[in-house]
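Come along and check each entry against the picture.

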Amino acid sequence: MSSVPEPLVWLPLSAWLDPRNWTWRVPVVVVLSWLLAGYAVGMMRLAARWPQGWRLAPRAFAWGIGAAMLALALLSPLDDLGGLFFSWHMVQHLVLLYAAPVLLQGWPYPVFLWALPACLRVRVAALLRHGALGDRLLRWATRPVVAFATGILSLWLWHYPPLYDAVLARRWLHDLEHLTFFLGALLYWWPLIGAPPATGRFRTDGGRALYLILYGVQAGVLGALVTFWPSVLYHRYLAASGVPVERLLADQAFGGLVMWLSGPIVVTLLALATLGRASREVVESEVLAPH
């Protein structure tokens, strides 16, 4: 990487693939290794007890993709670039945001439950058994209203300029930002994915579509504010980079566009796909109904 940061910089593919450009932070490597190893153990045990265990393969594939997305966000050059440029930091946030639903498709609760020793497995299962305290708390947290509010709060809170500048100056706070942002995304997506043990949070596809559209609207508003803000919002970049304000404003506008377009576009497409599925089911039911 260049010693002098350039806003809107692009790295060649060889730089992304070079392990020397990755940040092999021990805590992150340990957590990611545990996520992969623990999931593998649980999946093997679960598959061995299910006659059609091979049907779990798509779940395992989704988990592997989600873990790779976490590694991309937290270990690759994307992490260093996010500390230098606002635009790349927004790309990093999007990777974390969309890693959450991919990981939920892997059904982490039942898989990791089987990864535990038998004595712990019984205790955890009892804690999350229907009607137990853990089950009630999880079902409350994954209610659409609560999950939606949590996702919005984690998104807007960390983009508040004084807090954002503090994040760039303190590694532990940066880690906390990523953790809470990811957990907020996890809760937001949970009612949509319906991963066990909290399932069936929406009764209609129309409700799912509205949930997606509302999130896309507020994310678009935040992105638009950042894109068209007339001055540098995040002064830590201004103090650390030593580049002209005009270049920082261009980087800020580009990062705002990433937020403004990428997030809302994805959730809007998902909402349209959800409505399309609902419409198709209605048409099929009418065609197949006896006349």
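Entry 1. I call a space a cavity when a 1.4 Å probe fits there but cannot get out, and I take its volume as the space filled by probe spheres set on the grid points. The model I am using is predicted.

Entry 2. I asked how many cavities of 30 Å³ or more there are. The count came to 3.

Entry 3. I turned to the largest cavity and found a volume of about 130 Å³. Its lining is made up of 12 residues. Nearest its centre I noted Leu94, Leu97, Leu155, Ala219 and Met259. Helix 5 (86-104), helix 12 (205-228) and helix 14 (245-288) are the elements that each give two or more residues to this lining. Which of the elements has the largest share? I found that helix 5 does, with 4 residues.

Entry 4. I then sorted the lining of the largest cavity by residue type. I got 9 nonpolar residues and 3 polar ones, with no charged residue.

Entry 5. Next I looked up the second largest cavity, which has a volume of about 60 Å³. I wrote down its lining as Phe86, Val232, Tyr234, Tyr237, Leu248, Asp251 and Gln252. Helix 14 gives the most here, with 3 residues.

Entry 6. How do the residues lining the second largest cavity divide into nonpolar, polar and charged? I have 5 nonpolar, 1 polar and 1 charged. Asp counts as charged, so I put Asp251 from this lining down as the charged one.

Key: Residues numbered from 1 in each chain as written. Predicted model: local features only at pLDDT ≥ 70, side-chain atom pairs only at ≥ 80, totals over all residues. Heavy atoms only, no water. 1 Å grid on protein atoms, 1.4 Å probe; cavity = no way out; pocket = protein on both sides within 12 Å on 5 of 7 lines; lining within 4 Å.
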